[in-house]
Amino acid sequence: MKLEDFYAALGGDLEGTMERICSRRLVERFVLRFLSDESFPALEKALSEGNYEEAFRAAHSLKGTASNIGFTRLFEASDALTEALRGGERPQDEEILMFHVREEYERTMALLRKFQCMD
């Protein structure tokens with residue numbers, strides 16, 4: 001799978017990412033590095049413990065990373081959760097927001113594994 005194919009399947013923003021990073025090799029490296037990013041596991045852990053301040057930080061980190069590397073759908077889902085968590089309290093719609101983040105995260109990771117194998 002080529003980088004262009006990966007971003008197309010993801011619904012991501014390769015063009016914007018290339019403008020920010022300016023090197024195809026670096027984009028590929030950052031994209032693959034996302035496989036070991038700990039933001040999502042930290043988000044799940046914080047939410048399961050009811051630690052909404054830590055959940056906010058993890059969601060914000062996930063949102064920032066997704067934005068920087070052009071993972072548009074994951075960015076949008078994590079942005080919505082980040083804003084709901086702002087203030088450090090349990091959001092009323094936590095379950096549905098987390099469902100969307102988890103769905104996009106899992107889809108992104110599955111595509112990343114395909115991309116990694118084809119690289």
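Lys and Arg count here as positive and Asp and Glu as negative, while His and the chain ends are not counted, and the place of a charge is taken as NZ of Lys, CZ of Arg, CG of Asp or CD of Glu. On that basis the protein carries 16 positive and 23 negative side chains, and the centres of the two sets lie 5 Å apart. The structure is a predicted model, in which local features need pLDDT of at least 70 and side-chain atom pairs count only at pLDDT 80 or more, whereas totals for chains, interfaces and linings use all residues. Residues are numbered from 1 along each chain as its sequence is written, and side-chain values use heavy atoms, with hydrogens and water left out.

The secondary structure consists of 7 helices and 0 strands, where helices (H or I, at least four residues) and strands (E, at least two) are DSSP runs numbered from the N terminus. Read along the sequence, the pattern is therefore written α-α-α-α-α-α-α. The C-alpha trace spans about 40 × 25 × 20 Å along its principal axes. For 119 residues a compact globule would have a radius of gyration near 14 Å, and the protein agrees with this at 14 Å; the radius is taken over C-alpha atoms, and the globule rule is 2.2 Å times the number of residues to the power 0.38.

Contact means heavy atoms within 4.5 Å, and among contacts between residues at least 6 apart in sequence, 66% join residues at least 24 apart. The accessible surface comes to about 6,600 Å², with 50% of it belonging to carbon and sulfur atoms; such areas come from the Shrake-Rupley method with a 1.4 Å probe, and for residues only the protein chains shown count as cover. Of the 119 residues, 39% count as buried, a class that means under 20% relative accessible area, with exposed meaning over 50% and partly exposed lying in between (1.4 Å probe, protein chains only).

In soluble globular proteins, nonpolar side chains tend to be buried together. A nonpolar core is defined here as a set of buried Ala, Val, Leu, Ile, Met, Phe, Trp, Tyr and Cys residues joined through side-chain atoms within 4.5 Å. The largest such core has 34 residues, of which Phe 6, Tyr 7, Phe 34, Leu 43, Phe 71 and Leu 85 touch the most other members. The elements giving two or more residues to this core are H1 (3–10), H2 (14–21), H3 (24–33), H4 (39–48), H5 (52–68), H6 (72–85) and H7 (94–118), and H7 gives the most, with 8 residues. Leaving aside neighbours within four places in sequence, Phe 6 is in contact with Met 1, Val 31, Phe 71, Leu 111, Leu 112 and Phe 115.

Thr 17, found in helix H2, is buried, with a relative accessible area of 0%, and, not counting residues up to four places away in sequence, touches Tyr 7, Cys 22, Val 27, Asn 68, Ile 69 and Gly 70. Cys 22 itself lies in the loop between H2 and H3 and is exposed at 62% relative accessible area; although Cys 22 is not a glycine, its phi is positive, at about 70°.

Asp 93, in the loop between H6 and H7, counts as partly exposed at 37% relative accessibility, and its C-alpha is 8.9 Å from that of Leu 81, 12 residues away in sequence. His 60 belongs to helix H5 and is partly exposed at 36% relative accessibility, with 26 Å separating its C-alpha atom from that of Leu 3, 57 residues apart along the chain.
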